[in-house]
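Hi,

Here is the structure I said I would pass on.

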Amino acid sequence: MARNEEKAQSMLNRFITMKSEEKKKPKERRPFLASECRDLSDADKWRQQIMREIGRKVAEIQNEGLGEHRLRDLNDEINKLIREKVHWEKRIVELGGKNFSKYSAKMTDLDGNIVDVPNPGGRGPGYRYFGAAKKLPGVKELFEKPPELRKRRSRYDIYKRIDASYYGYRDDEDGVLEKVERGAEERMRAESVAEWVRLEEIKKEARKMVKSGDVANVGRGVEGEGGVAGILFEEEEDVVMEERREREREIEEEKEKEFVVHVPLPDEKEIEKMVLEKKKRELLSKYASEELLEEEREAKAMLNIHR
């Protein structure tokens, strides 16, 4: 009995389904050309239908196990539907509807970067690849970026990046180098002062020994003064030689000062007088005769003039 009721129920369900389908309008087919549509709401309905078909096929093409031929067919169908969608969007704009082309999605590569693939014909978007179709042989290379060729820098480019910091002129601006060098500077200054004091003591000891008259006794005289003898033997010779050279220079200067000239030398006035007399004689010999010169000499002799 239960089985008959189940069958009756099944028959009833079939009857109800049949009646409901009879009441429905016959299923409309999408117009082949978008220009045939005259109603804005119908155009929007057909666009939504195309969008749903594209969504189903895009979800299906994500499966990499479909095979190369099936993936290529699906990709072709999706591109065909996209072109049809563009036609319906243009028709919607013509009927006074919203412009959906402004908000259309861009095609991306495997890394999600937007790739612009224009249509060679110049009408609508270019051919696009979706899902696993991007990894097909011959397609994957389209999305790979060519390797960047590293251009060799010229001498001008190298010099253009050189500034004051390259030569170390800005090393002191951060203050790090100053802190590091401060300790070394103090240590070197202390060592230099200590070395200068040591040399001054050596020079004092050397001068004392030189004044005593015997350089050989320098080491003996200092041995008992606390270990300065070893230092004196190293530095004393130079100091002694300098002292001797200074003394020799002083002696030579004194000798030069004591030099006396035994021949009297004429001064400037006498030299001028001699030159004037010579010029007079030359003029007289040129313009005066021998008789006139003889008379002049006789007159000078008579007057006792010796010039």
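Below is what turned up, starting with the overall picture and then going down to single residues.

First, a caveat: this is a predicted model. It is a helical protein through and through: 10 helices and zero strands, so in order from the N terminus the elements simply read α-α-α-α-α-α-α-α-α-α. Of the 307 residues, 17% are buried. As for how the chain meets itself, take the contacts between residues at least 6 apart in sequence: 58% of them link residues that are at least 24 apart.

Now the inside. Nonpolar side chains tend to be buried together in soluble globular proteins. Here the largest nonpolar core has 20 residues, and the ones touching the most other members are I54, I61, I78 and W88. Two helices, α2 (40-61) and α3 (68-94), each put at least two residues into this core. The largest share is from α3, with seven residues.

Which residues does I54 contact, once its neighbours within four places in sequence are set aside? They are I78, L81, I82 and K85. I78 is also on the list of residues that touch the most other core members.

While you are in that part of the chain, look at K45 and W46. The charged end of K45 sits over the W46 ring, 4.4 Å from the ring centre.

Last, the aromatics. Searching the whole structure gives two aromatic pairs. One is Y127 with Y129, edge-to-face, with 5.1 Å from centre to centre and 70 degrees between the planes. Y129 is buried, because its relative accessible area of 19% is under the 20% cut-off. Y127, at 31%, counts as partly exposed.

The other pair is Y166 with Y167. Their ring centres are 5.2 Å apart and the planes stand at 90 degrees, which makes this pair edge-to-face because anything over 60 degrees counts as such. Are these two tyrosines buried or exposed? Y166 is exposed at 57% relative accessibility, and Y167 is exposed too, at 55%. Both values are over the 50% needed to count as exposed.

Cheers

Conventions. Residues are numbered from 1 along each chain as its sequence is written. This is a predicted model: local features need pLDDT of at least 70, side-chain atom pairs count only at pLDDT 80 or more; totals for chains, interfaces and linings use all residues. Side-chain values use heavy atoms; hydrogens and water are left out. Helices (H or I, at least four residues) and strands (E, at least two) are DSSP runs, numbered from the N terminus. Buried means under 20% relative accessible area, exposed over 50%, partly exposed in between (1.4 Å probe, protein chains only). Contact means heavy atoms within 4.5 Å. Rings of Phe, Tyr and Trp (its six-membered ring) pair if their centres lie within 6.5 Å; planes under 30 degrees apart count as stacked, over 60 as edge-to-face and the rest as tilted. A charge sits over a ring if NZ of Lys or CZ of Arg is within 6 Å of the ring centre and within 35 degrees of the ring normal. A nonpolar core is a set of buried Ala, Val, Leu, Ile, Met, Phe, Trp, Tyr and Cys residues joined through side-chain atoms within 4.5 Å.
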